[in-house]
Amino acid sequence: DANLSLISTATLEGKDADVEVGSDQNVYVAGRMGFYRLNPNLTVYSCASDYNASNFLAVQDSARVFGSGSGDSNTSSAIRVVKRDLSSAGCSPNRGDGDSGESGAAIAFDSAGNLWQIEKQSGIFTLVKRNSSGVSLTTTTLPGGSENGPNGGIHFDASNNAYAVLSARNANGTADIAVYKVSQSGAMLSRTTFDSGKSDYAVGSATNPFTGDIWIAGAMQRTGGHNCGDEDPTCTFAAALWKYNMSSEILSGPTTTFYGLANNEVYGGVQVASDQSLWVLGYSSNTANAGTAKMDLTLRKFNSAGTAVTALTDTRPAIAVDFDDGVEAGLSLSSTAIYGAAGRYNSQRNTDLAFLKWDLSGNLLFEKNWYDNIYGGDDFPRSIFVNPMSGNVYITGAHANHSGTRNHGPSVWHYNSEGTLVFAKEAPFMSPWSDDSNDANGIAINNSFGVGTVQGIRLSGDTFSNNNSNVWIPKEIVLKQPLNR
């Protein structure tokens, strides 16, 4: 007030903010947290967090709020001016860190042949639906989506509603497990989260087609502060599995937590077998390893409830230095084998691709390695897919930059079922300034592989009808009665 006595305060998570009092006496703030309108007592009335790089603010009225800031461009002189309408009440802030990089996370086809992708731009995560030609049809903002955790995945129910699995920032600045349900029209139907009190990371996910459950593999933080990784090396994790039911929209607390040999483990890839058991591939700390590579790659099998390890089937010792080397351990099943992709620490102190195959009892059949032959260059796998018809394996990720910098470019590796490399293709670098933007983070297979029809007969629940529409079909089909033709 006039005597400089403090009347009220408000805290908005962000930085580099500008503030202005409008002619309506409301307070407007813009910065790395987005745009906010507060009433004179500093209570938040509305916000818009889809652009969070404003350094300057100008207010004409509540429906015409202007911000100026970086333009998401590789040129340092790019400026962007945006206009936002804050006249309507409501605020669902996005807790991203304001990174202006653009990247894609998960990608998947629905049964109608539409392509869905989780995308990040300026720290904002969206779920984008495209037709088979790549034309954008709908875009849905995923509030709170956070780059603190790697991609979780995209899944679909019988009505083709999409379920996006991510890590999401909460009001305390830690990460939650989040499942977003989105309709075919792009409407947000629900957002379900799990919060253990510290950070929870979704690293991989898979659908159980028999029950409609989504299994989520990742990690629960045990020790350390909010910024795990390079900023807080004291962080340790317990590997965890969560279950989300599409019908009830209930996200259960972790069905299991596993600490490993040194109380520090993370699950990465997860797959559901035909008997509904769960296979999980992850990393476990092992301080007994000689040298600097203290992380083992572990393959575990759980019962169908995800509550008990039925087999600690295989351990690949000393595959990585620490969790900062990346924990995107991809896993895929065929009717005869288990395939995995992971990062492998080498003698040159960088990371190679490791491609592994196990039999259905978890016995390791082979490990193949691929590297870009660049000193100081890393090759990271992100996702893996096995064609159930041919047994061919496709791995996506990032390859080392031939220009000599530490950045990466998107890659696809193609192996046959016996581990022979068919090709390794490297796409051009999208941006020389960003690592994440240049990674191929997901893989989706078109109608010639995982989505298609069988002899013109469409499976629809327990009935059959003549319909050539594209539908998802599981790897095994059990008929309730013979077709007799």
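The exercises below, each with a worked solution, concern a predicted model.

Residues are numbered from 1 along each chain as its sequence is written. In this predicted model, local features need pLDDT of at least 70 and side-chain atom pairs count only at pLDDT 80 or more, while totals for chains, interfaces and linings use all residues; side-chain values use heavy atoms, with hydrogens and water left out.

**Exercise 1. Overall make-up**

Task: State how many helices and strands the protein has, and what percentage of its residues count as buried.

Solution. 
- Step 1. Helices (H or I, at least four residues) and strands (E, at least two) are DSSP runs, numbered from the N terminus. The protein comes to zero helices and 36 strands.
- Step 2. Buried means under 20% relative accessible area, exposed over 50%, and partly exposed in between, with a 1.4 Å probe and protein chains only. Of the 485 residues, 50% count as buried.
- Step 3. Accessible areas come from the Shrake-Rupley method with a 1.4 Å probe; for residues, only the protein chains shown count as cover. The protein exposes about 21,900 Å², and carbon and sulfur atoms supply 48% of that area.
- Step 4. A contact means heavy atoms within 4.5 Å. Among contacts between residues at least 6 apart in sequence, 48% join residues at least 24 apart.

**Exercise 2. Strand 22 and its partners**

Task: Is strand 22 mostly covered or uncovered, and with which strands does it pair?

Solution. 
- Step 1. Strand 22 (residues 278-285) is mostly covered, with eight of its eight residues buried.
- Step 2. In a regular strand the side chains alternate between the two faces of the sheet. Here Leu278, Val280, Gly282 and Ser284 point one way, and Trp279, Leu281, Tyr283 and Ser285 the other way.
- Step 3. Strand 21 (residues 265-272) pairs with strand 22 in the antiparallel sense over seven bridges. Gly269 has Leu281 as its bridge partner.
- Step 4. The hairpin of these two strands has five residues between them, and Gln276 there takes a positive phi near 70°. Gln276 is not a glycine, and it is partly exposed, with a relative accessible area of 24%.
- Step 5. Strand 23 (residues 295-302) is joined to strand 22 by eight bridges and runs antiparallel to it. Ser285 stands opposite Met295.

**Exercise 3. An aromatic cluster**

Task: Which class does the ring pair of Phe355 and Tyr415 belong to, and which residues form a cluster with them?

Solution. 
- Step 1. Rings of Phe, Tyr and Trp (its six-membered ring) pair if their centres lie within 6.5 Å; planes under 30 degrees apart count as stacked, over 60 as edge-to-face and the rest as tilted. The whole structure holds nine aromatic pairs.
- Step 2. The ring centres of Phe355 and Tyr415 are 4.5 Å apart and the planes lie at 35°, so the pair is tilted.
- Step 3. The pair links distant parts of the chain, 60 residues apart: Phe355 is in strand 27 (residues 351-359) and Tyr415 in strand 31 (residues 408-415). Both residues are buried.
- Step 4. A charge sits over a ring if NZ of Lys or CZ of Arg is within 6 Å of the ring centre and within 35 degrees of the ring normal. Lys368 lies over the face of Phe366, at 5.5 Å from the ring centre.

Note on methods. Two strands pair if DSSP finds at least two bridges between them.
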